[in-house]
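User: I have a new model open and a few quick questions. Can you walk me through it?
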Amino acid sequence: MINVTKTFLPPLEEYQQYVQGIWERNQLTNNGPLVQELEKQLREYLGVKHCLFVSNGTIAIQLALKALNITKEVITTPFSYCATSHAIIWENCVPVFADILESDYCVDPAKVEAAITENTEAILVTHVYGNPCDVDALQAIADKYQLKLIYDAAHAFGVKVDGKSLLSFGDISTCSFHSTKVFHSIEGGAVITDNDEYAWLLDRYRSFGHKGDDYFTIGINGKNSEFHAAMGLCNLPRVPQIIEARKAIVDLYEAGLDWSKISQPIVTKGVVERNYAYFPILLPSEAILLKVRAALEAENIFPRRYFYPSLSSLSFVTSTSNCPISDDYALRALALPLYYDLAHADVVRICQIVNTSLA
Ligand SMILES: Cc1ncc(COP(=O)(O)O)c(C=O)c1O
């Protein structure tokens, strides 16, 4: 069976060595030495000032909204995983959707600007499939209207724009280290910022609102454990090798698929070092997508409709925004299997199945 993704596992003995240390110290959580070491290595790897390791990428977004004191309207993208808009609604803010660009599937800055009202406090958008948003245009809008800018960078670990980590843009970026991601810590995530004040608040908020006996405010439990940090420490040095293996697979897909009837997002901004987090294709219609998916499933190959549905169409979202491109793309986008050790012969086979069903 070939799934859309597969978790990378480091050598078991390496993880066991970390577990041995956890047993010896008898400290399993509460900002232990492995969490501190992972945060240090992540700061170095990403070249960022603050990187707080938290329980997952969803709580990371919630913490970011809290630290920036966002309580009203947040302009966001309808083409993302539901966690992006759910976190906004969970924090009692109102998501207002701005449509995406046809080229790279990231939010259209012009649509963001058009959606601003007197209640807008923040822009919270996703680097879709790890491809950078138009960070310059979005920062200019945020500056012009004095809005906070948060990036859901769940897919963007290891991506660089003009030599700079994509996670270092905006007021705060959030990341997911879920086990399906390019870099993972089983479950986990991070909140990244260059701002000392935000970092201080985020550190309190993720730990019930206090540090030791310094009770500052109401907080949540967004900490992560020594076991999760241990997995992150095993995997971090292997990220370049994982990205390289994924690139080879993407190159094979790009060479093997018949592009006369399908397309994919175009990476447009700056000089981008990609992480090859996903391999989405855009099919001519939903009917053809369902046909291609059925042909692959008949061979025990399971692609994923990603992202589906368009978040502005969810019944519990009250926004009335009009997002025709996202509505359309959500019906036609299919992520093909992509993981570090997907056999090259299988990629060739997947290309043949897709090409045949498109013919
Ligand atoms: C774009 C996006 N944002 C947020 C999340 C949530 O991350 P987590 O699963 O770590 O909570 C995901 C998870 O896949 C995601 O794809």
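User: Where is Gly 188?
Analyst: This is a predicted model, so keep that in mind throughout. Gly 188 sits in the loop between β9 and β10 (189-193).

User: Is Gly 188 buried or exposed?
Analyst: Buried. Its relative accessible area is 1%, and the cut-off for buried is under 20%.

User: What does Gly 188 touch, sequence neighbours aside?
Analyst: Leaving out residues up to four places away, its contacts include Phe 53, Val 54, Ser 55, Asn 56 and Gly 57. Ser 176, Phe 177, His 178 and Asn 224 also touch Gly 188.

User: Another loop residue, then. Where is Phe 169?
Analyst: Phe 169 is in the loop between β8 (164-165) and β9. Phe 169 is buried, at 17% relative accessible area.

User: Which residues is Phe 169 in contact with?
Analyst: Val 135, Tyr 151, Val 161 and Lys 164, setting aside neighbours within four places in sequence. The C-alpha atoms of Phe 169 and Leu 149 are 8.7 Å apart.

User: How does the lining split by class?
Analyst: It has 14 nonpolar, 13 polar and 5 charged residues.

User: Tyr 306 came up there. What kind of peptide bond joins Tyr 306 and Phe 307?
Analyst: A cis bond, with omega about 10°. A cis bond also joins Tyr 308 and Pro 309, with omega about -5°. Phe 307 is in the loop between β15 and α11, and Pro 309 lies in the loop between β15 and α11 as well.

User: Why flag those?
Analyst: Most peptide bonds are trans, and most residues other than glycine have a negative phi.

User: Which way does phi go at Tyr 129, positive or negative?
Analyst: Positive, near 60°. Tyr 129 lies in the loop between β5 (120-126) and α6 (135-145). Tyr 129 is buried, at 3% relative accessible area.

User: What about phi of Phe 208?
Analyst: Phi of Phe 208 is positive too, near 65°. Phe 208 is in the loop between α7 (196-205) and β11 (210-211). At 43% relative accessibility, Phe 208 is partly exposed.

User: On to helices. How many residues of α8 are buried?
Analyst: 8 of the 10 residues in α8 (residues 226-235) are buried, so the helix is largely enclosed by the rest of the structure. Among them are Glu 226, Met 231, Leu 233 and Asn 235.

User: What covers the buried residues of α8?
Analyst: The cover includes α1 (12-25), α2 (33-46), β2 (50-54) and α9 (239-256).

User: Last one, α10. Which residues are buried there?
Analyst: Leu 289, Val 292 and Leu 296 are buried in α10. They cover an arc of only 65° around the axis, which puts them on the same side of α10. What covers them includes β15 (301-302), α11 (324-332), β16 (333-336) and α12 (344-358).

User: What span should the 12 residues of α10 have?
Analyst: At 1.5 Å a residue, 16 Å. The end C-alpha atoms are 16 Å apart, which agrees.

Notes:
Residues are numbered from 1 along each chain as its sequence is written. This is a predicted model: local features need pLDDT of at least 70, side-chain atom pairs count only at pLDDT 80 or more; totals for chains, interfaces and linings use all residues. Side-chain values use heavy atoms; hydrogens and water are left out. Helices (H or I, at least four residues) and strands (E, at least two) are DSSP runs, numbered from the N terminus. The expected span of a helix is 1.5 Å times one less than its number of residues. Buried means under 20% relative accessible area, exposed over 50%, partly exposed in between (1.4 Å probe, protein chains only). The arc is that of the directions from the helix axis to the C-beta atoms. Contact means heavy atoms within 4.5 Å. Ala, Val, Leu, Ile, Met, Phe, Trp, Tyr, Cys and Pro count as nonpolar, Asp, Glu, Lys and Arg as charged, and the others, Gly among them, as polar.
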